[in-house]
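Here are my notes for you, point by point. Keep the picture open while you read.

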Amino acid sequence: MRTIRNITMFKNVYRRMHSTKQVKWDIMAGLCLQRKPIITKSLTDTEVNFQNILQEIEFEKSLKSDHELRHEKDVKRMEKLKNGKVIDFDDMDQASNQSAQDYIDKNKEELLNFKFASRSTEADLINDTKSLKRKLDDNLVLIVKQKLGHEDFWVLPQGLWNNGETLRETSERILRESCGNNLNVSFYGNAPCGFYKYKYPKQIREQSNVEGAKIFFFKAKLLDGNVEEKGIWTDYEWSTVQELNKRLIQPYMKNIKLFLSNYNVNT
């Protein structure tokens, strides 16, 4: 009796396996193009305190600089002059004609005239998200507003894979077709760094007999240039990782954040 039941179960499983319709998916490649930080981030209060401690330790253990030695010679020379001792000025080099105090006064004047460049740019002030001259201390990621189905979505640049291409070649082609030839980028490798899949709307699935798309992402670093508007998408932005949370839909962002730089995956 048990044998008959097992045979019946096996037949049912076999029938379900071989009666399942083969599902077709579109294969796509996407590109995570990043502009790396230009300047370092501002120090936190803890980092500032630690930096001050290190400077104090370095000052206590350091040897005297040439300027300090020169200042000591000036002091001894002034003491001799006060005591009426004769100084052989022929033994003094030309640099010693300027006292250490004169040197300090000159450098103080130069320091007062020196102004540090602002960490914020004009693009930061007007929040120009198409400019690469913003958020200089942070990573910027290129995203485009692309029509998928009947709606527009913010996504990483992506496109369909063509037969005969490698996925890396597809991502390079997508970059040229969607952003122009003015971008000079460096890919990190030939293997994808991330994956995401989604289903097409029911109407499109029935018309095309394609279930959805599977996207394989590659990472690249921007070296030079900027985006040309090609008409494939309706808008584009260079966004920080934090700004992506407001632009990308959450199921998509959940997969993207796994390979983004400077992103805490626990957030």
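1. Start with V144: its bridge partner in β3 is V155. The two strands, β2 (residues 140-148) and β3 (residues 151-155), run antiparallel and are joined by five bridges; strands pair if DSSP finds at least two bridges between them. They form a hairpin with two residues between them, and G149 in the turn has a positive phi of about 75°. Strands here are DSSP runs of E, at least two residues, and helices are runs of H or I, at least four, numbered from the N terminus.

2. A word on the source: this is a predicted model, where local features need pLDDT of at least 70, side-chain atom pairs count only at pLDDT 80 or more, and totals for chains, interfaces and linings use all residues. Residues are numbered from 1 along each chain as its sequence is written, and side-chain values use heavy atoms, leaving out hydrogens and water.

3. Now look at helix α6 (residues 167-179), where S171 sits. Is S171 buried or exposed? It's buried, because its relative accessible area is 1% (buried means under 20%, exposed over 50%, partly exposed in between, using a 1.4 Å probe and protein chains only).

4. Also in α6, E172 and R168 lie four residues apart, about one turn of the helix. They form a salt bridge, with the closest N and O atoms 2.8 Å apart (a side-chain nitrogen of Lys or Arg within 4 Å of a carboxyl oxygen of Asp or Glu).

5. R173 forms a salt bridge with E165 at 2.7 Å between the closest N and O atoms, and both residues are buried.
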